[in-house]
Amino acid sequence: MEYSPPPLFKQGAPARVKVTVFAFISIALLMLDARVHMLATVRQAAGTVLYPFQMAALMPRDAMANMGSYFSTLSSLQREVRELKSQQVAVAQQLQAAQLQMAENAQLRKLMGAREHLPVKSMMSEILYDARDPSTRKVVLDRGTHQGVALGLPVIDNAGVVGQVTRVFPFTSEVTLLTDKEQAIPVQVLRNGLRSVAYGRGQSGLLDLRFMAPNADIVVGDVLITSGMDGVYPAGLAVARVVQVESSAGGVFGRVVCQPLAGIDRHRQLLILMAAPDVLPRPPAEPPKVVSKKQGLPKMTPLENVPPLPAKAVPAAPAPAPAPATDKKAAP
């Protein structure tokens with residue numbers, strides 16, 4: 001049985017002839033388009049007609065690409081948000097550290113400026129922590145006996161007096177603040193030189209001028225400075241400012257409340273005055289004379305060459321009055 005192809009494939013010239021003819025036609029068209037540009041209009045028309053079909057054919061691919069980009073963009077945005085939040089926290093920490101350093105640098109500059117005007121040698125120190133007893137007003141510094149700190153040295157800052165060293169350890173020292181109830185400092189009013197003693201009021205953070213006369217010349221706003229009468233604090237250091245003056249009409253003394261000028265609860269860097277002011281020593285007290293019982297009282301010696309006292313006329317005593325007469329007959 002002889003195999004014969006379908007009638008469709010029997011029509012026309014052979015395939016080789018067709019390929020050859022179409023190849024020559026293509027080469028001719030290419031040469032004409034390259035030389036004369038005859039097919040530009042045809043190409044534009046064909047592109048315009050085929051563009052909708054091209055876009056319809058590309059829609060599935062574009063949909064898949066857009067879906068993948070949507071989910072990838074969402075995940076990348078979430079990752080970027082997390083990174084930005086962590087960066088924000090880090091920047092906030094750096095900003096706080098920078099602000100703290102700026103404040104410390106400003107305080108150190110003020111302390112260095114105040115250090116140049118002090119009459120005695122001073123040493124920079126830093127507050128480590130507050131004392132454990134909540135009923136007292138004390139802080140612990142990072143300087144001790146190895147750095148030359150001794151008991152009783154005053155502690156100040158750039159604004160005024162802070163307190164006094166009350167306990168000393170090898171590497172640390174404890175400072176009792178002015179506002180402690182057990183602390184007192186002699187002061188005087190800068191305006192008129194009136195002297196007094198300021199006592200701490202404890203947790204309120206204020207000072208009291210006790211035993212002030214009701215008519216004392218002191219008003220709100222007066223600045224109190226150290227008088228130097230105790231031999232511990234140099235004279236002229238700022239201490240407090242008067243914020244309240246009360247005169248008791250029925251009492252003998254008035255009440256004066258003061259606000260410390262030093263940054264007792266704010267500053268971290270302080271100055272320790274390493275030497276007490278030069279004050280002349282007190283004269284020695286005279287020992288009391290003890291008189292023994294055996295010696296008794298000292299003997300009295302008569303005075304010599306002393307004229308006698310003039311005699312004064314002594315008035316005569318009045319005569320006694322006569323007794324009244326009695327009638328013997330009247331007696332029974």
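Q: How many salt bridges does the structure hold?

A: In general, side chains of opposite charge can pair when their charged atoms come close. In this predicted model, 8 salt bridges are present.

Q: Which residue forms a salt bridge with D62, and how far apart are the closest N and O atoms?

A: The partner of D62 is R61, and their closest N and O atoms lie 3.1 Å apart.

Q: Are D62 and R61 buried, partly exposed or exposed?

A: D62 has a relative accessible area of 26% and is therefore partly exposed. For R61 the value is 54%, so this residue counts as exposed, the cut-off being over 50%.

Q: Where does R201 find its salt-bridge partner?

A: The side chain of R201 meets that of D208, with an N to O distance of 3.4 Å. R201 is partly exposed, at 26% relative accessible area. D208 is buried, because its relative accessible area of 13% falls under 20%.

Q: What is the N to O distance in the salt bridge of E246 and R255?

A: The side chains of E246 and R255 meet at 3.7 Å, N to O. E246 is partly exposed, with a relative accessible area of 34%, and R255 is also partly exposed, with 35%.

Q: Which residues are linked in a network of salt bridges?

A: Such a network links R191 with D217 and D222.

Note on methods:
Residues are numbered from 1 along each chain as its sequence is written. This is a predicted model: local features need pLDDT of at least 70, side-chain atom pairs count only at pLDDT 80 or more; totals for chains, interfaces and linings use all residues. Side-chain values use heavy atoms; hydrogens and water are left out. A salt bridge is a side-chain nitrogen of Lys or Arg within 4 Å of a carboxyl oxygen of Asp or Glu. Buried means under 20% relative accessible area, exposed over 50%, partly exposed in between (1.4 Å probe, protein chains only).
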